[in-house]
Amino acid sequence: MKILRAHSAFLALVVFLGVFPFLIAILDGQSFADVLANQSGQSKFYQGLLIEIFILAVFALSYDLLFGITGLLSFGHAMFFAVGAYTTGIALKSLQLPLPQTLVIVVLAGIAQAVLFSIVLPRVKGITFALVTLGFASVFHIIIMSHELSSITGGDVGLQNIPKPDYLDPAAQRLTFYFVALAFMLLVYLFYRRFVDSPTGRVCVAIRENEHRARMLGYNTFYFKLVALIISGITAALAGALHAVYQPIVSPVTASLVYTVNALLIILVGGIGTLSGALVGAAVFRSLQFFLDKIFAESSSLILGMVYVAIVLFVPYGIIGTWRAKKFEWQAAWRERWAKLKKIVQQ
Amino acid sequence: MENIIQTLRKNRSQTIMLATLVVLFLSTLQGMEPNDWVITVLRGLAVASVTFLVASGFSLIFGLMDVLNLAHGTLFMIGAYVGWTAYVRPDTMLDLATPFALFIAGLVLAPLWGNLLARARVSNVGHILPWVIIILGLVVLAFGLTRYPITAWDPAVYDKSPVVFGVKLDLGQTDLPAPVTAESAQIVLAMVGILAGSALVALGIALSAMRQRRAAPARAAWKALGLALGLSILGLVLHLWNDALTASLVAAGTTWRFFLAMIVATLVGAGLGALMESTLIRPLYVRPIYQLMLTLGLGVIGREVVIAIWGRTQMQMPKPALFNTIGKGCPAQTLWDALANQCSTFYFMETRVRTYNEVFVFVMGVVVLIAVWMLLQRTRIGMIIRAGVQDRAMVEALGINVRQVFTFVFALGVGLAALGGVLAGPAMGVSDDMGEGLLLSALIALAIGGLTSFPGAAAGSLLVGLLQQFIVKYGQIGIALPFLAQPFKPTPPLVPASTLLLMVIVLLIMPNGLFGRKE
């Protein structure tokens with residue numbers, strides 16, 4: 001019982017996301033049978049939007065582990081995502097591999113890339129590491145966009161016509177895909193929670209706070225940073241794989257600075273180093289994009305920029321971060337108001 | 001002699017690095033025709049100067065305040081657009097000058113309000129009231145601005161679109177549209193509205209400053225009143241002499257207007273920078289990572305505003321007359337002849353060189369380099385900036401008002417970027433995406449040279465500019481590699497890739513860049 005109460009917000013979120021497709025169906029007047037049969041309608045559409053949010057959330061979680069928890073600022077994180085997406089696409093399309101084998105390759109590719117990034121780790125620190133990773137990712141971006149490789153990677157248009165497995169076809173089996181993506185996100189989140197609370201995760205936090213001191217205490221900080229990088233890399237690559245299966249086209253933009261900046265914005269909106277902030281941030285980020293586009297069309301990016309500036313000014317530590325900092329203050333204020341109201345009513 | 005050897009020994013890795021780069025550079029010259037490499041080097045120098053103008057400001061800001069100003073590319077672009085306006089449409093610029101002066105006149109009243117509020121013993125104003133007053137002020141401001149007559153363009157109508165005015169000026173026609181007129185009662189109302197609106201905004205700012213218990217001293221209040229009066233009178237004078245000034249600017253010709261455009265854009269950029277720092281960035285020094293989000297957001301906003309005002313189409317900014325004559329003794333044989341005949345091209349080492357693109361831009365880059373170098377090395381504020389880059393806390397402890405220096409440096413950095421935008425305008429056209437690529441180049445240049453080092457910014461920009469132009473040139477003529485039968489022609493994507501690779505290599509060998517100090 002105590003455990004349930006302590007995690008009530010998380011459980012509520014799980015339940016809400018679990019019934020979400022049916023909730024939309026009720027609002028839209030669609031029958032449950034139609035939803036289960038993947039008939040097109042509002043429910044299917046919003047499932048698609050949420051799947052995108054789940055994928056973005058996993059990507060942002062991986063960035064939060066690297067930057068928010070371990071304190072490694074990387075401007076090349078999108079490369080993990082793109083490596084995952086492109087590996088999946090090429091394995092499914094050119095090599096005709098089934099999905100499970102593909103995922104194994106994706107994991108290996110993620111590890112390989114994490115090791116590549118970690119080679120420069122002992123040499124460069126702070127903003128320089130960010131710039132070197134930006135260099136790697138931008139070169140990768142240029143390579144996958146290059147004309148010479150366009151038969152494999154699709155050049156600057158992107159990778160199209162990726163064959164989707166029948167049991168996970170985003171068009172015909174959207175509901176299955178929805179729950180797979182949801183389960184994936186929740187699993188990654190729980191795993192990350194556990195990781196941060198583990199001794200290894202504690203050392204990662206120590207590295208973020210003060211690397212010299214962590215080293216003085218006898219930890220080989222390189223090893224811990226490598227672990228964080230590998231876990232983060234595998235997660236981001238898997239998110240990329242899911243992206244490749246879900247989207248009709250894998251654009252080279254996934255490797256560009258834009259995608260890294262998206263992940264950064266998401267965890268800034270949600271709250272750095274909070275993990276749950278990545279989930280909230282991804283939801284806010286994608287739905288803002290979607291609804292502003294729908295309402296304001298042409299001038300949506302202007303409004304989006306204003307919203308970012310407003311968030312920076314009025315939600316100083318991200319949504320979850322500010323909530324944690326001000327929770328008790330706000331609760332006390334509401335209790336006071338409630339007591340006042342009671343007094344008035346009694347009189 | 002001994003000193004030199006000692007310096008070399010101290011900076012061993014820099015020396016080796018520079019020697020390697022020089023050797024590499026000389027080896028690239030081997031495979032080229034002389035006039036190919038003359039033009040490539042000159043173009044590289046010009047690209048380097050524009051990159052340097054963006055990079056130096058960025059590096060000063062990052063060095064002193066640790067702010068990665070990701071809006072710097074957008075501010076570069078805004079500089080180009082503002083310069084374009086002063087250059088192509090001086091009438092619009094003068095029309096805008098009056099409301100602008102009145103707006104600033106209202107804003108500088110903030111210390112006066114603060115003082116008056118303190119005297120009236122106003123306290124406990126709450127969270128909401130300042131914002132209500134600011135929004136009210138903005139509404140009044142909008143009311144005044146929309147009623148003031150401004151002869152502008154309209155990107156939606158072809159005949160009136162800014163693109164057309166650019167092309168017309170390039171053809172030598174300076175027929176500006178007839179000025180918009182309004183009844184004098186309406187104009188007076190508009191001017192009062194602007195002044196009152198911005199004064200209300202200033203009152204809101206003063207109120208929110210009250211809440212943070214920052215009182216303004218009495219002397220500042222008198223100064224503010226004087227400044228506001230002066231600016232109001234300036235605005236009035238500009239309004240009364242508007243037509244005469246417009247006529248004289250049109251008659252002055254493109255060369256003088258270009259220099260005016262450079263000054264106006266630099267000042268507007270500096271003003272924007274000062275405004276950004278003092279209102280938005282200042283609260284964020286305690287949580288540095290959110291500066292990234294703020295500057296990104298500001299960059300997006302700036303770009304969208306520019307698109308809304310000037311339209312999406314790329315605009316031409318004709319070269320000033322001093323560098324734009326064809327025929328009649330042109331192309332000249334020497335630079336002096338070219339300047340005397342106002343030629344657009346001349347021969348330099350038997351290579352045909354464009355006076356503006358390859359010479360003027362580079363010369364301006366060198367002028368700014370020397371000017372900023374003198375500012376940093378020879379003045380008191382330069383000394384404070386250098387000290388602040390080294391150890392900010394210590395400078396604060398010595399009792400120097402670091403806040404003012406921060407605002408100054410931010411204004412300086414953004415002003416330099418805006419100047420770079422005007423310089424780049426005639427060479428590469430004015431478009432809303434001109435800043436992004438350049439910001440990346442500047443970042444790469446800074447990483448190569450050392451993020452917080454001023455000579456590093458110059459050296460890095462030089463390397464990036466030269467490398468880019470050499471790759472571009474080799475893309476045209478091909479490079480003979482020993483293990484390939486055909487000459488290898490680098491494709492356009494290799495231009496950014498080469499600079500990125502150079503950055504990665506330099507950073508792996510020297511993590512602090514060529515000139516960066518070890519932390």
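At what angle do helix α15 (residues 355-378) of chain B and helix α16 (residues 380-390) of chain B pack, and how far apart are their axes?

Author: Helices α15(B) and α16(B) pack at an angle of about 80°, with their axes 5 Å apart. Axes here are lines fitted to C-alpha atoms, for helices over the stretch in contact, and angles run from 0 to 180 degrees between N-to-C directions. That angle makes α15(B) roughly perpendicular to α16(B); angles of 65 to 115 degrees count as roughly perpendicular, those under 35 as roughly parallel, those over 145 as roughly antiparallel and the rest as oblique. Helices (H or I, at least four residues) and strands (E, at least two) are DSSP runs, numbered from the N terminus.

This is a predicted model, in which local features need pLDDT of at least 70 and side-chain atom pairs count only at pLDDT 80 or more, while totals for chains, interfaces and linings use all residues. Residues are numbered from 1 along each chain as its sequence is written, and chains are lettered from A and ligands numbered from 1 in the order in which they are written. The pLDDT is the predictor's confidence in each residue, from 0 to 100; chain B averages 84, and 95% of its residues score at least 70. The model scores ipTM 0.84 and pTM 0.88.

In the part requested, B:L375, B:L376, B:Q377 and B:R378 of α15(B) meet B:G382, B:I385 and B:R386 of α16(B); two residues are in contact if their C-beta atoms, placed from the backbone, lie within 7 Å. By class, this contact has three nonpolar, two polar and two charged residues. Ala, Val, Leu, Ile, Met, Phe, Trp, Tyr, Cys and Pro count as nonpolar, Asp, Glu, Lys and Arg as charged, and the others, Gly among them, as polar.

B:T345 stands opposite B:R354 in β2(B). Two residues lie between the strands of this hairpin, in which B:M349 takes a positive phi near 50°.

A further helix pair in chain B is α19 (residues 434-449) and α20 (residues 454-477), which pack at about 120° with their axes 7 Å apart. These two helices are therefore oblique to each other. Residues in contact include B:S441 and B:I444 of α19(B) and B:G456 and B:A457 of α20(B). The contact has eight nonpolar, five polar and no charged residues.

Between the chains, 30 residues of chain A are in contact with 25 residues of chain B. On the chain A side, α7(A) supplies the largest share, 10 residues, and the classes are 21 nonpolar, eight polar and one charged. Helix α13 (residues 257-270) of chain A packs against helix α13 (residues 289-310) of chain B at about 115°, with their axes 10 Å apart. A:V261, A:L264, A:L265 and A:L268 make this contact with B:I289, B:Y290, B:L292, B:M293 and B:L296.

Definitions and conventions: Pairing = 2+ DSSP bridges.
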